[in-house]
Amino acid sequence: MRSGKYMVIPVVLLIAACQNTGANYTPVIDGPVNPNYNYDLAQCRQLAASQPMLNGDTAMTSAATAGVAAAGTAVISNKGHNVRNAGIVGALAGVGASALQNNQNRESIIANCMRGRGYRVVG
């Protein structure tokens, strides 16, 4: 059971790595910015932040990866604790993957919002 504590570490690291992305993303603008740039960026970030990091797709992805990991482990090493641990790790991987995708979606929201406000976003 002691190893169960360490399964949370990748999720914590993923969340920490995403701190300056997603709704905090600053797009690369080609060309001059107008005096309203900071206001526009703040409004676009607020719009992106209104989108949830974890949603219904998160649960489905988590369940699917947990099932695949548990089933694969059951075939290879049919021990109850191995199957349970593989299911937990699979579920955490699914949550992480979904959160990463939603984080990228937030960046796209900011980029598209800034384009809509007349900025030439290149990255």
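**Close-up 1. Ser108, a partly exposed residue.** At 39% relative accessibility, Ser108 counts as partly exposed (buried means under 20% relative accessible area, exposed over 50%, and partly exposed in between, with a 1.4 Å probe and protein chains only). Ser108 sits in helix α4, residues 80-116 (helices are DSSP runs of H or I with at least four residues, strands are runs of E with at least two, and both are numbered from the N terminus). Its C-alpha atom is 9.8 Å from that of Gly123, 15 residues away along the chain. A word on what you're looking at: this is a predicted model, where local features need pLDDT of at least 70 and side-chain atom pairs count only at pLDDT 80 or more, while totals for chains, interfaces and linings use all residues. Residues are numbered from 1 along each chain as its sequence is written, and side-chain values use heavy atoms, with hydrogens and water left out.

**Close-up 2. The whole chain, for orientation.** Four helices and zero strands make up the count here, and along the sequence they read α-α-α-α. Of the 123 residues in the chain, 28% are buried. Among contacts with a separation of 6 or more, 78% are between residues 24 or more positions apart (contact means heavy atoms within 4.5 Å). The accessible surface comes to about 7700 Å², with 62% of it belonging to carbon and sulfur atoms (areas come from the Shrake-Rupley method with a 1.4 Å probe; for residues, only the protein chains shown count as cover).

Close-up 3. Helix α2 takes in residues 37-49, 13 residues in total, and reaches 18 Å from its first C-alpha to its last, close to the 18 Å expected at 1.5 Å a residue (the expected span is 1.5 Å times one less than the number of residues). Which residues of α2 are buried? They're Tyr37, Asp40, Leu41, Cys44 and Ala48. Seen down the axis of α2, these buried residues fall within an arc of 95 degrees, so they line one face of the helix (the arc is that of the directions from the helix axis to the C-beta atoms). Over on the other side of α2, Asn38, Tyr39 and Gln46 are exposed.

**Close-up 4. Tyr119 and its ring partner.** Tyr119 lies in the segment after α4 and is buried, with a relative accessible area of 5%. Setting aside residues up to four places away in sequence, Tyr119 touches Ile29, Val33, Asn34, Asn36, Tyr37, Asp40 and Met114. The count comes to one aromatic pair (rings of Phe, Tyr and Trp, the last by its six-membered ring, pair if their centres lie within 6.5 Å; planes under 30 degrees apart count as stacked, over 60 as edge-to-face and the rest as tilted). The rings of Tyr37 and Tyr119 have centres 5.7 Å apart and planes at 80 degrees, so the pair is edge-to-face. It links Tyr37 in helix α2 with Tyr119 in the segment after α4, 82 residues apart.

**Close-up 5. Two salt bridges.** The count comes to two salt bridges (a side-chain nitrogen of Lys or Arg within 4 Å of a carboxyl oxygen of Asp or Glu). In one, Asp30 pairs with Arg120, the closest N and O atoms being 3.6 Å apart. Asp30 lies in the loop between α1 (9-17) and α2 and Arg120 in the segment after α4, so this pair ties together parts that are 90 residues apart in sequence. Asp40 and Arg117 also meet through their side chains, at 3.1 Å from N to O. That pair links helix α2 to the segment after α4, 77 residues apart. Asp40 is buried at 8% relative accessibility, whereas Arg117 is partly exposed at 36%.
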